[in-house]
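Subject: Structure for your review

Dear colleague,

Please find below the structure that I am handing over to you. My notes on the salt bridges follow it.

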Amino acid sequence: MSTAVPVVLAGARGHGRWHLDNIRRLQDKGIVRLAGICELTPLGADELPDGLGTPEQSADFGALLDSTGASVAVICTPIPTHTDLALTAARRGVHILLEKPPAPSYAEFRRMADGVAEAGVVCQIGFQSLGSRAVPAIRELMAEGAIGEIAGIGGAGAWARAEAYYRRAPWAGKRRLNGVDVIDGVLTNPLAHAVATALALGGTVHAEDVTAIETELLRANDIESDDTSCVRVTTAHGPEVVVAATLCAEDPDEPYVVVHGDRGRITFWYKQDRVLLQRAGHGPEEFEYDRTDLLENLVEHLTDGAPLLAAPDATGAFMKVVEAIRLAPDPTPLPDGTWHLLPDEQRRVVPGIDGLVAAAADTLALYSELGAAWALPARTKEVST
């Protein structure tokens, strides 16, 4: 059996705890070994899952990669730090699993992707939904005409986040911090998977596939960034994609992507790997799929040549959406009376938003086109590649 691959994790708190647990799971299988943790403040023994031993800890990422001899770095740090940390690893010949969104701007994304390619290392972008076996299965159904001619792809995410969510880190809910792009909006971070998955199903993955992007960015919370938004992506070859999302849902529900055909539809609840096929002349059919873990896939790619599931180039179209949101005017605050605070949960709710999010995914229309009184018509951002 091959020896376990030494891994360093940068950013082990917050979402990084998920990565710690996942590394522990893969360590138990003999696939990886946690060699080091990079955090500004070292983790206490109570913060380390049992069975991970005593990995080396340091606030100096480069020095830690050198001293541990790591082969792979998992980077789960604030968005503006992604590119520099990825390049620090790449220059040392260390392969990378980079948390999504890969960068806060298209320029930073290109700097990261080009630097990684030049260094000859492999980088996987952490869009876990792209590891779902449902993705190739749905694309096969589309290709064989199961739901007829494809008319478009919608995405819907109605989630809830308390006001405290925006106080969890200095960069949370920010468009910029100390003059540096952050772009922590609903479509670029918490519901980024809805955008990336919708684009992937339509085969629109490369930056040059995108021809135009329209955005409607709004906010109910007292933040810089957007919490209630929608986007329409027009593509060169694939179907049009419309994704609507909010963190101010009345009744939070599982996000999904829906492929519209002229003879049916395919709905994919991507966090559950669950697919519903509805088509003319057939009863509804439901399927559940397995999912390949992205760190495991990266190791298999390095050891056995398995195809990489989420290479940087496959997220270029998603990064064009991030760039359009970055360049858009600052999000519009929702007028008084269009949202209220739920005192028990200390979160802001926009009445009617759940239905609007679903309607946008269903009809491929933006909020303003659905008659939302508070939505300004989309400002089209032509994309030059």
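A salt bridge is counted here when a side-chain nitrogen of Lys or Arg lies within 4 Å of a carboxyl oxygen of Asp or Glu. By this criterion, the structure, which is a predicted model, holds 24 salt bridges.

Because Arg25 belongs to helix 1 (residues 16-28) and Glu296 to helix 7 (residues 294-304), the pair ties together parts that are 271 residues apart in sequence. Arg25 is partly exposed, at 36% relative accessible area, whereas Glu296 is buried, at 13%. Both residues also belong to a network of salt bridges that links Arg25, Lys29, Asp293 and Glu296.

A further salt bridge connects Arg326 with Asp181, at 3.1 Å from N to O. Arg326 is part of helix 8 (residues 316-327) and Asp181 is part of strand 9 (residues 180-181), so this contact ties together parts 145 residues apart in sequence. Arg326 and Asp181 are both buried.

Finally, Arg92 and Asp66 form a salt bridge in which the closest N and O atoms are 2.9 Å apart. Arg92 sits in the loop between helix 3 (82-91) and strand 5 (95-98), while Asp66 sits in helix 2 (residues 61-68), 26 residues apart. Arg92 is partly exposed, with a relative accessible area of 37%, and Asp66 is partly exposed, with 48%.

Yours sincerely

Methods:
Residues numbered from 1 in each chain as written. Predicted model: local features only at pLDDT ≥ 70, side-chain atom pairs only at ≥ 80, totals over all residues. Heavy atoms only, no water. Helix = DSSP H or I, 4+ residues; strand = E, 2+ residues; numbered from the N terminus. Buried < 20%, exposed > 50% of the residue type's maximum accessible area, 1.4 Å probe, protein only.
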